[in-house]
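The sequence and the structure come first, and the description follows.

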Amino acid sequence: MDALKVAEIWGDLVGRNTVDIDDDFFFDLDGNSLMAAAAVARTGEFSGVPLELRDLYLATTPRELAEHLAAIGARLAELSAAAPATGVLPAVAAALAELSAAAAERLLPAHTVVRTAGPEAQEAAGGRRTALLREHRGAGPCTVESADTGEAVLRRGDGLAFRLRLAGPVLEIDTVEVARHG
């Protein structure tokens, strides 16, 4: 999706006939959080690239968001292409760390159920899978500590580590104690 199409979508949302590709969604267009949610949903729908609200805060102009969409799409294609050789879980872990919960969810097979471990266990299929992944990933930086075909460990910027285990049609997520490297 190019910057002109993003500008057109935003113009429809904010009620303007023209939006420049360098107009800032929040400062130049007076966008708010409700409009931002609509902009992310509509832009993601038109582009076919999974977006989250934080993406609009990282790329606040149509030009920046178009470039961001292209980068997400390219990295998602790389991870998807590598999945048959490396396994789905390393690709999902990389997408979760580098891109977003929505991007990671896109790489899971459609029939996969996401389940959390612990006393307040939850289970989700379909669109709710993204919410459970996002809850564990958090909003800040995230890195993959280890990943293979059956298990991956990721660490959030706040130091919390969590494990993903893929067993058949179930992806289980739980918090773990892992010693920091370095």
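## The sheet and its strand pairs

β1 and β6 run parallel and are joined by four bridges, where strands are DSSP runs of E with at least two residues, helices are runs of H or I with at least four residues, and both are numbered from the N terminus; two strands count as paired if DSSP finds at least two bridges between them. In this pair, Thr116 stands opposite Ile173 in β6. The model is a predicted one, in which local features need pLDDT of at least 70 and side-chain atom pairs count only at pLDDT 80 or more, while totals for chains, interfaces and linings use all residues. Residues are numbered from 1 along each chain as its sequence is written, and side-chain values use heavy atoms, with hydrogens and water left out.

The sheet as a whole is open and has six strands, in the order β2-β1-β6-β5-β4-β3, with mixed pairing. Its edges are formed by β2 (123–124) and β3 (142–147), each of which has a single partner strand, so one side of each is left without a neighbour in the sheet. In general, strands of a sheet pair through backbone hydrogen bonds, either parallel or antiparallel. The antiparallel pairs are set out below.

| Strand pair | Bridges | Residues standing opposite |
|---|---|---|
| β5 and β6 | seven bridges | Leu166 and Leu171 |
| β1 and β2 | two bridges | Arg115 and Glu123 |

Two of these pairs are described as hairpins: β3 and β4 have three residues between them, whereas the hairpin of β1 and β2 has six residues between the strands and includes Gly118, which takes a positive phi near 110 degrees.

Helix α7 (residues 128–137) lies across β1, β2, β3, β4, β5 and β6, and runs at about 20 degrees to β6; the axes are lines fitted to C-alpha atoms, for helices over the stretch in contact, and angles run from 0 to 180 degrees between N-to-C directions.

The loop between α1 and α2 contains Asp30, whose phi is near 55 degrees, a positive value in a residue other than glycine. Asp30 is exposed, with a relative accessible area of 54%, where exposed means over 50%, buried under 20% and partly exposed in between, with a 1.4 Å probe and protein chains only.

The N-terminal end of α2 is capped by Asn32, a side-chain oxygen of which lies 3.0 Å from the backbone nitrogen of Leu34. Within α2, the buried residues are Ala36, Ala39, Val40, Thr43 and Gly44. They cover an arc of only 120 degrees around the axis, which puts them on the same side of α2; the arc is that of the directions from the helix axis to the C-beta atoms. These buried residues pack against α1 (3–14), α3 (53–58) and α4 (62–86), with contact meaning heavy atoms within 4.5 Å. On the face turned away from the buried side, α2 carries the exposed residues Leu34 and Glu45. After α2 comes Gly48, whose phi is positive, near 80 degrees.

## Helix α5

Nine of the 11 residues of helix α5 (residues 88–98) are buried, so this helix is largely enclosed by the rest of the structure. Among them are Leu89, Pro90, Val92 and Leu96.

Methods: Polar contact = N/O pair within 3.5 Å; in protein donor to acceptor, adjacent residues only side chain to side chain.
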